[in-house]
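Colleague: Could you take me through one part of this model up close, and then show me how the rest fits around it? Cut-offs included, please.

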Amino acid sequence: MILRSTLVRRPMSRVINKMNKIQNAVAITLLSVIPAMAFSAGNAAEGQNKSTTCHACHGETGKSIMPIYPNLGGQHQDYLSKTLYSFRDGNRKNAIMNGFAANLSDADIEDIAAWYASQQGLTEIKDK
Ligand code: HEC
């Protein structure tokens, strides 16, 4: 009787053990994916600090100081990050911007893009 019950229990405990292992694997997978997602979302507050060199031309909130410098405030975040990767990689060529993007890390780009995207864009287009 005792022998029989252990025979019955053993496979069940193995099943539970296996389920626990699967649950752990799923949990570990989720834990490794979530920070990656948070990372690519960028941190706007960090971006504000990291963009101080950019303020000279594009303005702190992305309202440029002169028409020859594009406004960045309110621009789509993925446009900003994609553009900065392109400047850094040299796929988009501009003597000024290739230089400024050269030293940005992926995290810098994501943070700066988050900062300018969170700012207000121009609300009107003026005729001159
Ligand atoms: C000396 C002035 C200057 C500084 C400083 C500067 N930029 Fe620029 N930026 C420009 C100019 C000029 C362009 C237009 C380039 C072109 O025509 O391709 C530009 C273009 C861009 C664009 C593309 C805008 C668009 O609409 O496609 C982004 C994004 C950008 N800059 C981000 C930055 C960031 C981030 C920094 C700081 C790391 C920075 N810039 C520093 C002058 C500057």
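Modeller: Let's start with the buried residues of α6, which are Ile-109, Glu-110, Asp-111, Ile-112, Ala-113, Ala-114, Trp-115, Tyr-116 and Ala-117. "Buried" is 20 or more other C-beta atoms within 10 Å of a residue's own, "exposed" is 12 or fewer, and "partly exposed" is in between, with C-beta atoms placed from the backbone. That makes nine of the twelve residues of α6 buried, so the helix is mostly covered. Helices here are DSSP runs of H or I with at least four residues, strands are E runs of at least two, and both are numbered from the N terminus.

Before going on, a caveat: this is a predicted model, where local features need pLDDT of at least 70 and side-chain atom pairs count only at pLDDT 80 or more, while totals for chains, interfaces and linings use all residues. Residues are numbered from 1 along each chain as its sequence is written.

As for length, α6 covers residues 106–117, and its twelve residues should span 16 Å at 1.5 Å a residue, which agrees with the 16 Å between its end C-alpha atoms. The expected span is 1.5 Å times one less than the number of residues.

Zooming out, the protein chain has six helices and zero strands. Buried residues make up 19% of its 128 residues.

Now the ligand: 18 residues surround it, and the closest are Cys-54, Cys-57, Pro-70, Asn-94 and Phe-100. "Near" takes a C-beta atom, placed from the backbone, within 6 Å of the molecule. α3 (52–58), α4 (77–89) and α5 (95–102) each supply at least two residues of that shell, and the largest share, five residues, comes from α3. By class, the shell has 13 nonpolar, five polar and no charged residues. Nonpolar covers Ala, Val, Leu, Ile, Met, Phe, Trp, Tyr, Cys and Pro; charged covers Asp, Glu, Lys and Arg; the others, Gly among them, are polar.

Thr-53 is also in α3, and it counts as exposed because it has 11 C-beta neighbours inside 10 Å. The C-alpha atoms of Thr-53 and Phe-100 are separated by 8.4 Å, though the two are 47 residues apart along the chain.

Finally, α4 and α5 pack at about 95°, with their axes 7 Å apart. They are therefore roughly perpendicular, a label for angles of 65 to 115 degrees. The contact is made by Leu-84, Phe-87 and Arg-88 of α4 and Met-97, Asn-98, Ala-101 and Ala-102 of α5, where contact is C-beta atoms, placed from the backbone, within 7 Å.

Conventions:
Axes are lines fitted to C-alpha atoms, for helices over the stretch in contact, and angles run from 0 to 180 degrees between N-to-C directions. Angles under 35 degrees count as roughly parallel, over 145 as roughly antiparallel, 65 to 115 as roughly perpendicular and the rest as oblique. Two residues are in contact if their C-beta atoms, placed from the backbone, lie within 7 Å.
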